[in-house]
Amino acid sequence: MVNLKIDDKNVVVPEGTTILDAAKQAGIDIPTLCFLKDINEVGDCRMCIVEVEGRRGFATSCIQKVEEGMVVHTHTPNVLEARHTILDLIISNHSKDCLTCTRSGNCELQDLAIKFNVLDIDYKGERTEHKIDDKSPSIVRDFNKCILCRRCVATCKNVQNIGAIDCIERGFESCISTTYDHSLNDVNCTFCGQCIESCPTGALHEKENINDVWAKLKDPDTYVVVQTAPSVRVALGEEFGMEIGTNVTGRMVSALKALGFDKVFDTNTGADFTIMEEATEFVKRFKENDNLPMTTSCCPGWVRFAEMEYQENLAHLSSCKSPHQMFGAIIKTYYAEKNNIDPKKIYVVSVMPCIAKKYERQREEMKENGLWDVDAVITTRELARMIKQANIEFNKLEDETFDNPMGEATGAAAIFGVTGGVMEAALRTAYELITGEELKKLEFEDVRGAKGIKKASVKIGDKEIKVAVAHGLGNARKVMEDIKNGIADYSFVEVMACPGGCIMGGGQPIKNSKTRMTVDVAGKRAKAMYSIDERSVIRKSHENPIMKQIYKEYIGNPGEHKAHELLHTHYTPMEEYRI
Amino acid sequence: MKTIEELEKIRVEKRAELDLRKNTNADTREKHILVCNGTGCTSSKSPKILENFKRIIKEKGIENVRVIKTGCFGLCAKGPIVIIRPDDTFYAMVKPEDCEEIINSHIIEGKVVERLLCKDIDGTKVTRLDDLTFYKKQKRIALKNCGVINPEEIDEYIAFDGYKALAKVLTEMSKDEVIDVIDKSGLRGRGGAGFPTGKKWKLTKDAKGDKKYVVCNADEGDPGAFMDRSILEGDPHAVLEAMEIAGYAIGAEKGYIYVRAEYPIAVHRLQIAIDEARDYGILGENIFGTGFNFDIEIRLGAGAFVCGEETALLESIEGRRGQPRVKPPYPATSGLWGCPTLINNVETYANIAQIILNGSEWYSSIGTETSKGTKVFALGGNVNNVGLVEVPMGTTLREIVFDIGGGIPNGREFKAAQTGGPSGGCIPKEHLDTPIDYESLKEIGSMMGSGGLIVMDDTKCMVCLAKFYLEFTVSESCGKCTPCRIGTKRMLEILEKLCSGEGTEYDIYRLEKLAVNIKKASICGLGQSAPNPVISTLKYFREEFRQHAIEKECKTMECKALAKIEIDPDKCKACGLCQRNCPVNAIEGEGRDIRHINQDKCIKCTTCIRSCPFHAIG
């Protein structure tokens, strides 16, 4: 243990603790901006500087470790003046259009400006100007708001192991860019959106589709159907000041109805279809030893990653579409026929925790009879913005339930959004499909939790099935390398591009650095999802009655002709992105 | 070759052969024509001179004359330089077509070519190098072999005690003894900050780690500085030998020389030296049969100034963008790939072998109380003898500028000298007699830096000077930390405002405040020292800043927007010359009228000032 003094408080912390952490433990707040715990600890912004007695210049509290007998002062007049000057400098090269910025109210730079009472900028001068990159369907880069904290770079490189972006140019001209300054659309970006989650300002955000949706809601001739992904309901409340991990399903449905959607359906129903198809596919491939291990395919960031970097291994991916795409296809065929609605007039909106879904929905193969399965994807954040735009007082809403018949879903589908959830849901169904016996214990604890790659062995009948779960593309890469090198000793793999799964997706409410440092956001959201499962009456996908009915009435058997037409897809190697 | 005995044999034989290089009384009929092939002389066609000498000698069948390619002699302003040994004749500004005459007259007839002799400060022609004032006050340790040996021949280096120190260290000294000698010598880092070298070696030796590295920082980047380049070009083996000694002392087997790609000659000669040393078994495994292994690789820098900062240099060697790391940890404990790493500058290394051979007492007897030995300066700017000088620490600025440098050209006044490049500061007239060492320079607001020394006369505007250095820093900032990335840009903008006449007194206040905060809050040495040129000019020339801001005047007229050109009516003889030369017809008056300048039309081109025969315009 190390003894030190911070602002006259005696502090005892373990060796290797940073000054910032030690101060936090002593209840002393030091402002940070570029710091993102465990991801970006580089000391670039200089906001966290403190004075250490006997040391020349300032110490960088976010990186520098405590030393025995150290005497630290976190807010001397010198430190405060330097911090104020630094903040002044950062803002002097920032676009400052806060009123029209998507991050207004949730911006770490704005928070600091308020805290430091920045009323005027002393060092006005030239500003670096950049063209906004909005070419991709998912993500917008506006580097006029970039403060070069490099949290996005570190996330992309260190967490996701992609490295689509890095710093180019030097000095004042420095900026974050891509290979040859191409659009993110044209480089190895997977659209996972984790960079958005880590950006302290509005320099990175989703490509907004709110106005497309408003336009359709206004049009009386369009039948606007909305479906919401499993993870949205456990995070949306945060945008209205609620605790992290609050389940707001009922209020979310009320809000969607209040917004004027003709039908409010649950993507969880689509997830049950996915499990039905995926489990069937797995059982078949397992029996035939066909391209094992089979990996899940419900995550479009992961699919894009595989198409770019593992072209030779695409046969390992399940051919299943993702839940909202399956569900969109069913709405525009079965539901349209059944309710006598012209599918051309149906407009399917998916509310997703993800920005890659925006890209996924416009992939050429995601069409049925020339119609898109899904017409617009908005994120959890965009939905919150729509609710605010409509002046709906979310916190005061009464709970409502999803519209029937497509709002009925199982507990297995509910956990789709958390890492290990798809695997768990698939195993529940695969077990009963293979053995024909009832599964007694539904929880597969081994595939739950925050560990990057989880492996488990499941006994199904007389067979031992080895499975793996990877979340975060850095971990996905490790698994793919095993598969590529023929050393993967498992048969079924769940992959989610975002660390934590969809609950931590690139379209979810953004948590600032301080919150990420102190709260287990993923754990809280995951807990909420598991409790939905626990409270569900039906907890196995293959027992979903509406799904069974649709198979019977319309699709036929899982994995057969019609199912393939509607619910399956294919993959194309993206040669030009080969690294 | 692997044994020390064989090395000694080469030394004895070669030394006898090269005796005439250092001994003007050498009893020999042989002559060596030394042609400087440093970068400066090379750009003035010295390789052609070398070629011509060789060709003519061959054509004429002259015997006992050898033509040698050497590194820099130092007096670059007078290049290309040719020296003939043993008589020590110094020929300046030689052209390729002069070779014939030198051979015919000097070599064949024994008559010195008067017209190619160098003029000393007092105007007299000097024949011998040692008689030039430029060389008289110098003491050469780091530059000992520069201009004496052929840097591309390892035997010539060996002849002048090369690799003798390495042999001594490997066979007679323990690691601690080596470090002790360096420590007691008082040698401090020549890269700028002056950290005690022995202490650095000890810290690296004591650091925990299975693998350690020795790095040579040859990323010399200060504008106007070329000390390290000249050492690498003139005596590359001295650096290799020192790195090996360091490797032995700290327990490393691998060394990297990080040198900028803009130094092609240095890189070329270093590579030759490394190859030769490997051939001789002086680099590689089991050196001199002692079991000590050491090898060196060159890493080329792409020319970013910040890569001279030790941690940015390490990042660059590791293959990443050249950006500094936050210190601590220092490279001594966590450097290349996280291993303890010793980083010294070229000039620091160039002293090592001499210290080992001559002892710490010898070295510490040179210099001042806290700064031992000599320092190489690249003398430039408004000074007669532009070039490379090596002087004992404690030599005054006046001696360097006025004795060695030969004073200010064109009869102008000394205004200030700038040391330490963009990280340093300027020294005004009142401090000319300050003995130069690390502490005294710091005390007067400048720093030793790597050794750039730029002299400025009274035509130089100090606000412009500060602006010049800020321009440099702004374009060389790596962009990593906020104060340096945006702060230096804002400082430059304020200076530009002052120079264009739009500045106010508040701008000076803002400038100063920003300077202080950038200094304190930046990550690395580059940012922490970037404001120094502003701080030191403000310290000594605040009045000049005030004139720019308040009186809207730049007395030196360097700031065109603030220059006020006027005709002194007392001196004007109404000759009309200025009027005829003015490109914009801004000068009014006819016949016998005293002329005056219409300020609205004047573009401050200063043509009139230069054309006035009576010095009436200013």
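Student: Which residues are buried in α9(A)?

Tutor: A residue is buried if 20 or more other C-beta atoms lie within 10 Å of its own, exposed if 12 or fewer, and partly exposed in between, with C-beta atoms placed from the backbone. Helices (H or I, at least four residues) and strands (E, at least two) are DSSP runs, numbered from the N terminus. In α9(A), the buried residues are P300(A), G301(A), W302(A), V303(A), R304(A), F305(A), A306(A), M308(A) and E309(A). Because 9 of the 10 residues of helix α9 (residues 300-309) of chain A are buried, the helix is largely enclosed by the rest of the structure.

Student: What conventions apply to the model and its numbering?

Tutor: This is a predicted model: local features need pLDDT of at least 70, side-chain atom pairs count only at pLDDT 80 or more, and totals for chains, interfaces and linings use all residues. Residues are numbered from 1 along each chain as its sequence is written, while chains are lettered from A and ligands numbered from 1 in the order in which they are written.

Student: Against which elements do the buried residues of α9(A) pack?

Tutor: Two residues are in contact if their C-beta atoms, placed from the backbone, lie within 7 Å. The buried residues of α9(A) pack against α11 (356-361), α15 (473-484) and β19 (492-496) of chain A.

Student: What is the order of the strands in the open sheet of chain B?

Tutor: Two strands pair if DSSP finds at least two bridges between them. The 5 strands are ordered β13-β12-β16-β14-β15 (chain B), with mixed pairing. At the edges lie β13 (387-392) and β15 (425-428) of chain B, each pairing on one side only. Strand β12 (residues 374-381) of chain B pairs with β13(B) in the antiparallel sense over 6 bridges; A378(B) has L388(B) as its bridge partner in β13(B).

Student: How many residues does each chain give to the contact between chains A and B?

Tutor: Chain B gives 27 residues and chain A gives 28 residues. On the side of chain B that touches chain A, the elements giving two or more residues are α19 (462-476), α20 (482-499) and α21 (505-521) of chain B. Of these, α20(B) gives the most, with 8 residues.

Student: Which residues does I245(B) touch?

Tutor: Not counting residues up to four places away in sequence, I245(B) touches A165(B), L166(B), V169(B), V178(B), I352(B) and I356(B).
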